[in-house]
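Dear colleague,

Please find the structure below, passed on to you for your own work. My notes on it follow.

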Amino acid sequence: MSTAIAIRDLSKVFGSGHSAAVAVDHISLDIQPGELFFLLGPSGCGKTTLLRMIAGFIEPTTGHILFGKPEEGAGAGPPAGPKIEPAPPGDLIGAVALPRGWRNVTHTPPNKRNTGMVFQSYALWPHMTVAKNVAFGLSIRKVPTLERERMVADALAAVKMAEYAERKPNQLSGGQQQRVALARALVIRPDVLLLDEPLSNLDAKLRIELRSEIRRVCKESGITGVYVTHDQKEALSMADRIAVLDAGRIVQTGRPEELYRRPASRFVAEFLGETNFIEGQVVSSNGRARIRTAAGEVEAGAAAPGAPGDGVVLSIRPEAFRILRPGAGGTQSLPGHLLETTYLGELAQHTVELGGGIVVKVASLNPAVAHTRAREAVALAIEPADVVVLPREEEKTSHR
């Protein structure tokens with residue numbers, strides 16, 4: 001049975017007094033059994049600190065980490081609520097016993113948590129063969145020789161490295177070494193697999209190849225995985241769910257398509273990919289909001305976060321626009337002039353100036369025309385479902 005993870009009011013403060021730095025700020029989170037869950041955010045947002053607290057390498061300042069394999073009929077999960085009082089020794093939180101199948105690992109040593117870790121730097125023993133590197137954790141656990149050899153062979157086969165069992169790490173490529181590191185983490189049959197930016201040292205082609213391999217291995221094994229990255233494409237292409245972090249806090253959690261198409265803040269919209277921000281004012285917001293902008297009035301597919309007259313910001317992805325001839329019928333459109341086109345084969349990137357001097361970026365897939373005339377009059381069509389309305393004050397509080 002796969003392991004669930006429940007994080008309750010978890011914080012980490014480094015230093016004290018005026019020099020104190022909050023790395024993780026009162027995070028509560030639930031990760032489902034067998035889920036490949038991503039912690040995504042810019043450098044310094046606390047994602048690696050959070051992962052290392054789950055692993056047991058860093059002691060939390062406050063809060064709790066729970067691992068669970070709930071028994072059938074034992075209830076949905078651990079005690080609810082974002083805040084839990086400090087726990088006495090044993091599997092208790094405050095004065096409340098944990099439901100069956102759950103254990104409090106907040107202060108459990110790393111070697112007692114049964115987690116597997118894959119590091120950015122591979123961390124392979126250079127003097128050992130691939131097989132011995134993979135077998136190292138089993139040797140520490142005193143697994144009998146024949147069983148150990150079988151488990152190593154199975155782990156190497158899972159990552160497609162069986163034929164390299166007798167090679168040394170320096171005889172392998174970076175991608176092959178990372179596969180070995182993954183096999184070493186998996187061979188101990190961990191309850192939770194933790195991955196700390198495992199692809200960041202590889203070239204672009206290898207990163208893309210290994211994305212699908214890591215997801216395949218995790219799903220075939222049924223292990224719950226927690227994966228740290230700052231790479232948006234990596235997270236969007238691999239994750240079951242993503243938590244976006246900023247300044248030590250989770251700002252939004254959801255499936256990749258939810259976060260990309262319906263960001264809850266300007267920070268999330270901007271961090272998850274290229275987008276156009278257009279300021280406007282709410283005209284009406286009955287089910288579908290109508291927003292007045294300097295480029296024209298725009299209808300959104302959902303209500304606005306405010307009343308008529310309130311200032312808002314529209315987030316529209318470049319690929320959501322379609323370039324039409326002026327006056328073309330159909331969906332709502334905004335008139336403008338084409339400033340520049342960059343032809344990239346499968347994609348064309350356009351810069352278009354709309355009314356009020358608003359300049360937006362537009363992406364066209366499989367463009368039929370490589371180049372068009374500068375200052376040519378065009379219209380940009382946009383579906384209401386592709387218009388995201390955000391509070392204007394997000395612009396003041398967001399940062400990269």
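The largest cavity has a volume of about 50 Å³; a cavity here is a set of points on a 1 Å grid over the protein atoms alone where a 1.4 Å probe fits but cannot get out, and its volume is the space filled by probe spheres set on the points, which are joined across faces, edges and corners. The count comes to 1 cavity of 30 Å³ or more. Its lining (residues with an atom within 4 Å of a point) consists of Val159, Gln178, Arg179, Leu182, Leu210, Glu213, Ile214 and Val217. Two or more lining residues come from each of α4 and α5, and α5 gives the most, with 4 residues.

As to provenance, this is a predicted model, in which local features need pLDDT of at least 70 and side-chain atom pairs count only at pLDDT 80 or more, while totals for chains, interfaces and linings use all residues. Residues are numbered from 1 along each chain as its sequence is written, and side-chain values use heavy atoms, with hydrogens and water left out.

Helix α5 covers residues 204–221; helices (H or I, at least four residues) and strands (E, at least two) are DSSP runs numbered from the N terminus.

Buried residues (under 20% relative accessible area, with exposed over 50% and partly exposed in between; 1.4 Å probe, protein chains only) in α5 are Leu210, Arg211, Glu213, Ile214, Val217 and Cys218. They pack, by contact of heavy atoms within 4.5 Å, against β3, α3, α4, β9, β10 and α6. At the start of the helix, a side-chain oxygen of Asp203 reaches to within 3.2 Å of the backbone nitrogen of Lys205. Just after α5, Gly222 takes a positive phi of about 75 degrees.

Two further residues may interest you. Asn104, in strand β7, counts as buried at 13% relative accessibility. His127, in the loop between β8 and α2, is exposed, with a relative accessible area of 53%. The C-alpha atoms of His127 and Pro169 are separated by 8.1 Å, although these residues lie 42 residues apart along the chain.

Yours sincerely

Technical notes: Expected span 1.5 Å × (residues − 1). Polar contact = N/O pair within 3.5 Å; in protein donor to acceptor, adjacent residues only side chain to side chain. 1 Å grid on protein atoms, 1.4 Å probe; cavity = no way out; pocket = protein on both sides within 12 Å on 5 of 7 lines; lining within 4 Å.
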